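Open the model in your viewer and keep the selection panel at hand. The tour moves from one selection to the next.

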Amino acid sequence: MNERIIVIVALISLVVFFRWYIGWRSRRATQQDVKLTHFPLGQAGIIALHTDHCVQCERLQKPALERLQKRRNDIAVVWRSIQEEAQLVKQLGIMTVPTTVVRNANGQITNVNMGYVDEDVLMQQLAIVSAPPHCL
Amino acid sequence: MKAFRFDRSALRFGQISLIVVLAIGFVLNIPYAIYAGALMLLSALVLPAWAPQLMIYRWFVHNNWVNTAIYDEDPAPHRFAQQMGFGVLVIGTVAAILGSAMIAWAATLVVIALALLNVTTGFCAGCFVYAQIAKLRSA
């Protein structure tokens with residue numbers, strides 16, 4: 001029984017480590033000197049990366065981005081596949097889909113979310129980089 | 001677009017219940033936990049109103065011990081993940097019945113690990129695999 005408890009503890013530790021690792025990879029991605037030109041300077045936006053058979057991308061992330069755009073129509077959203085953005089994926093070390101890359105109006109990456117995030121999280125991230133139009 | 005009302009709290013409660021049942025079964029070496037886990041997932045997929053973990057959840061909500069978290073979210077990806085988990089536990093169940101404890105518990109540990117990842121990070125194992133395949137194809 002002791003060995004089995006050790007296995008469970010090891011499993012939990014692995015999961016905790018993986019969670020930290022994804023966070024570290026995301027933070028490291030924001031530190032890369034990559035300028036995104038998917039939309040004009042002066043506009044904040046999101047590049048959302050997906051693959052063809054990714055159910056979470058189509059059924060969760062895409063609708064969340066659509067709901068976000070209804071709330072923030074000043075934010076540009078670009079929906080791209082991993083194959084279309086192979087260079088960006090390599091530069092940022094993106095590991096999974098859906099991944100959303102938040103860019104500020106100066107073209108700098110401020111957040112890289114590896115995995116699904118809902119519109120509330122994206123709104124919080126966008127609030128830091130770009131005030132909604134009615135606040136200006 | 002069709003509107004969905006999805007309770008994330010119910011999903012999380014179900015996942016945690018499954019993890020607890022399987023983990024206790026593994027630690028105490030009780031193969032019935034694998035059968036129970038498979039039944040839990042099957043009932044959640046086929047008859048959610050009668051799934052034991054969801055009945056307990058509704059009782060908790062009724063007593064205000066747990067709050068619901070209703071979102072505008074499509075449940076399809078979560079159901080897909082549950083189907084995958086059920087498939088793996090079926091393998092574990094068959095292995096346990098046929099006497100192969102190693103395969104049975106290995107399958108159980110896979111389900112525990114992926115459920116834990118999903119509960120704590122929202123990580124989608126299938127999406128991760130698709131991304132790696134797409135990256136390899138691009139390279």
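Start with chain B and select α5. Its buried residues are covered by elements that include α1 (2–30) of chain A and, from chain B, α1 (8–27), α2 (32–46), α4 (76–97) and α6 (125–138). Covering rests on contact: two C-beta atoms, placed from the backbone, within 7 Å.

A note on the source: this is a predicted model, where local features need pLDDT of at least 70, side-chain atom pairs count only at pLDDT 80 or more, and totals for chains, interfaces and linings use all residues. Residues are numbered from 1 along each chain as its sequence is written, and chains are lettered from A and ligands numbered from 1 in the order in which they are written.

Stay on α5(B), residues 101–121. Which residues of α5(B) are buried? Among them are Trp105(B), Thr108(B), Val111(B), Ile112(B) and Asn118(B). Buried means 20 or more other C-beta atoms within 10 Å of the residue's own; exposed means 12 or fewer, and partly exposed is in between.

Now check the helix length. The 21 residues of α5(B) should span 30 Å at 1.5 Å a residue, and the end C-alpha atoms are 30 Å apart, so the two agree. The expected span is 1.5 Å times one less than the number of residues. Just past α5(B), click Gly122(B): its phi is positive, about 70°.

Next, select Leu22(B). Beyond its neighbours within four places in sequence, Leu22(B) contacts Ala33(B), Gly37(B), Thr108(B), Val111(B) and Ile112(B). Leu22(B), Ile46(A) and Val97(A) have the most contacts inside the largest nonpolar core, which has 67 residues. Such a core is a set of buried Ala, Val, Leu, Ile, Met, Phe, Trp, Tyr and Cys residues joined through C-beta atoms within 7 Å.

Show both chains. 29 residues of chain B are in contact with 29 residues of chain A. On the chain B side, α1, α4, α5 and α6 each give two or more residues. α6(B) gives the most, with eight residues.

Finish in chain A. Four strands form an open, mixed sheet in the order β2-β1-β3-β4. β2(A) and β4(A) (109–114) stand at the edges with a single partner each, so one side of each lacks a neighbour in the sheet. Select β1(A) (45–50) and β2(A) (76–81): they run parallel, joined by six bridges. Strands pair if DSSP finds at least two bridges between them. Ile47(A) stands opposite Val78(A).
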